[in-house]
Amino acid sequence: MFFEKIAPYTYRIPRQGKMRVDAVFFASKEILKDLEAENYASLQQLMNVATLPGIVEPALAMPDIHWGYGFPIGGVAAFDPEEGGVVSPGGVGFDINCGVRLLASHLTLEDLLPRQKELADALYRLVPSGVGSERRDVRFSKRELKEILKEGAGWLVKRGYGYPEDVRFIESQGRLPWANPDKVSERAFERGAPQIGTLGSGNHFLEVQYVDEVYDEEAALAFGLFKGQVTVLIHTGSRGLGHQVCQDYVERFLKVAPRYGIELVDKQLAAAPIKSPEGQDYLQAMAAAANFAFANRQLIAHFVREAFEKVGFTPRDHGLRVLYDLAHNNAKFEEHRGRRVLVHRKGATRAFGPGHPEVPEEYRRVGQPVLVPGDMGRYSYVLAGTEKAMEVSFGSSCHGAGRKMSRHQAKKVARERNLVKELAERGILVRAATRATVDEEMPEAYKDVSLVVEAVEGAGIGKKVARLRPLIVVKG
Ligand code: 5GP
Ligand code: MN
Ligand code: MN
């Protein structure tokens with residue numbers, strides 16, 4: 001694999017073979033070693049992405065890059081609709097609009113510790129988790145679901161699930177307006193309907209944390225973060241509904257791609273022109289699934305607040321407000337370098353810099369909050385978007401640590417150990433549907449997220465603001 005260093009923590013794979021543009025990725029020395037250890041399989045996927053029609057230079061990967069379906073996870077690719085640019089469900093991912101929402105409280109670590117166990121149990125009870133988890137207490141009719149698919153998080157807020165100011169702190173205000181529920185299959189509705197307000201399996205989680213380090217006082221002040229503060233991070237997406245939308249359209253795109261003269265070096269890159277009827281249908285269905293994901297995180301946030309209240313913190317005590325809700329699996333039209341392009345982010349986040357009108361007013365001076373979960377044993381980070389990200393990565397940054405071990409490997413390593421006990425001894429209470437989930441999700445199964453953040457900062461596509469340590473983890 002040939003690549004050259006073009007800037008700190010930044011590497012270029014020059015255009016070759018069927019690539020239409022160069023590929024660029026961000027990495028540290030350690031990350032380069034990891035890439036070599038997997039025989040550059042995920043970089044090969046990045047090179048495949050660069051072969052798609054209408055791609056705008058360059059095809060990109062964030063430092064948490066790893067192998068994914070078609071596109072690598074950590075991949076960012078922008079397409080120009082005026083130049084035959086395509087949309088690809090594999091570039092968005094199966095969990096459409098998967099993302100994280102950070103709630104910031106008024107509470108400190110000292111306030112929380114006496115009720116930690118009680119709170120862990122309340123959260124586990126109020127937020128269903130696990131494969132195929134469903135909610136029995138809140139159900140919506142098909143007609144209501146269609147409205148949710150059109151209106152996103154705001155629909156729930158109007159019905160009392162959340163505070164009116166919540167939506168202002170969600171990316172795109174919790175609603176992609178071009179959503180059309182009529183482009184979503186019956187099967188997708190069936191799968192998703194009972195799952196709203198649930199976490200789902202495996203990698204998805206709900207974590208109570210505290211701020212243990214502040215790196216940038218000015219940005220922390222703008223975001224309302226302080227040392228010792230209790231926060232809650234919610235990670236989930238569009239559940240079975242989004243998954244089914246992805247599946248439906250991958251099948252459809254595979255059939256139509258040849259008709260549009262799109263040559264696929266990998267079938268998993270199935271794509272259709274943005275301007276084609278099929279491309280338009282997918283974009284409308286994807287937006288509907290995205291709105292479902294925003295609503296899902298909204299409903300979970302409501303029950304998180306309720307759990308805090310169940311253990312005796314009044315709304316005034318806990319003050320849980322949405323700091324930000326940030327997606328890491330979607331495709332959106334944005335202006336970059338004077339062009340309107342469709343930016344696919346798959347396991348990558350938006351990271352708009354200071355002054356961008358889409359950043360909430362309170363944060364605009366310092367840039368958008370970028371939420372970077374790590375793992376359930378170490379830490380997660382809050383970063384801020386930068387001007388540089390706007391220049392070099394279509395305003396994008398990393399979305400996590402990225403897996404290091406396969407689920408199978410992790411289970412093998414964890415078999416000899418009792419992770420729940422180990423973590424409890426370190427003050428981290430884990431509640432999970434099965435032992436298998438905890439084993440597969442063990443901290444060592446992920447890269448050390450501080451290495452990823454080092455590369456992000458080194459490349460200038462994000463700026464460290466604060467670090468969060470886990471106290472309670474509810475896992476799929
Ligand atoms: P993904 O969306 O790719 O499944 O996951 C995003 C990131 O979440 C992963 O790359 C990993 O770094 C992080 N992550 C997975 N499980 C946990 C957890 O239990 N707690 C925290 N803080 N992060 C996690
Ligand atoms: Mn997900
Ligand atoms: Mn995710």
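Visitor: Which residues coordinate the manganese ion (ligand 2)?
Guide: Keep in mind that this is a predicted model. The donors sit at 2.1 to 2.4 Å from the manganese ion (ligand 2), and they are spaced D-x2-C-x105-H in sequence.

Visitor: Which residue coordinates both the manganese ion (ligand 2) and the manganese ion (ligand 3)?
Guide: The two manganese ions are 3.4 Å apart. The residue that coordinates both is Cys-98.

Visitor: How many residues apart in sequence are the parts that Cys-98 and His-204 tie together?
Guide: Cys-98 lies in the loop between strand 6 (86-87) and strand 7 (99-108). His-204 lies in the loop between helix 7 (186-192) and strand 8 (205-214). The pair therefore ties together parts whose separation in sequence is 106 residues.

Visitor: Is Asp-95 buried or exposed?
Guide: Asp-95 is placed in the loop between strand 6 and strand 7. Its relative accessibility is 16%, and the cut-off for buried is under 20%. So Asp-95 counts as buried.

Visitor: And what about Cys-98 and His-204, buried or exposed?
Guide: Cys-98 comes out at 3% relative accessibility. His-204 has 10%. With the cut-off at under 20%, both count as buried.

Visitor: How many disulfides does a search of the whole structure find?
Guide: Take Cys-246, which is in no disulfide: the nearest cysteine sulfur, that of Cys-98, is 13 Å away. For Cys-398 the closest cysteine sulfur is also in Cys-98, at 14 Å, which is too far for a bond. The search of the whole structure gives a count of zero.

Visitor: What relative accessibility do Cys-246 and Cys-398 have?
Guide: Cys-246 is buried, and Cys-398 counts as buried too. The value for Cys-246 is 0%, and for Cys-398 it is 0%.

Visitor: Which element gives the most to the lining of the largest pocket?
Guide: The largest pocket holds about 1100 Å³ of space, and 43 residues line it. The elements giving two or more residues to that lining are strand 8, strand 9 (229-236) and helix 9 (239-256). The top contributor, with three residues, is helix 9.

Visitor: How many charged residues are in the lining of the largest pocket?
Guide: Asp-95, Asn-203, His-204, His-235 and Arg-407 lie nearest the centre of this pocket. By class, the lining has twelve nonpolar and 21 polar residues. The charged count is ten.

Visitor: Which element gives the largest share of the lining of the second largest pocket?
Guide: This pocket has a volume of about 190 Å³ and is lined by 13 residues, with Glu-38, His-66, Arg-403, Lys-404 and Lys-447 nearest its centre. Two elements give two or more residues, helix 1 (29-37) and strand 4 (55-66). The largest share, three residues, comes from helix 1.

Note on methods
Residues are numbered from 1 along each chain as its sequence is written. Chains are lettered from A and ligands numbered from 1 in the order in which they are written. This is a predicted model: local features need pLDDT of at least 70, side-chain atom pairs count only at pLDDT 80 or more; totals for chains, interfaces and linings use all residues. Side-chain values use heavy atoms; hydrogens and water are left out. Donors are N, O and S atoms within 2.8 Å of the metal (3.2 Å for Na, K and Ca); water is not among the atoms, so sites may look incomplete. Helices (H or I, at least four residues) and strands (E, at least two) are DSSP runs, numbered from the N terminus. Buried means under 20% relative accessible area, exposed over 50%, partly exposed in between (1.4 Å probe, protein chains only). A disulfide is a pair of cysteine sulfur atoms within 2.5 Å. On a 1 Å grid over the protein atoms alone, a cavity is a set of points where a 1.4 Å probe fits but cannot get out, and a pocket is an open set with protein on both sides within 12 Å along at least five of seven lines; lining residues have an atom within 4 Å of a point. Grid points are joined across faces, edges and corners, and a volume is the space filled by probe spheres set on the points. Ala, Val, Leu, Ile, Met, Phe, Trp, Tyr, Cys and Pro count as nonpolar, Asp, Glu, Lys and Arg as charged, and the others, Gly among them, as polar.
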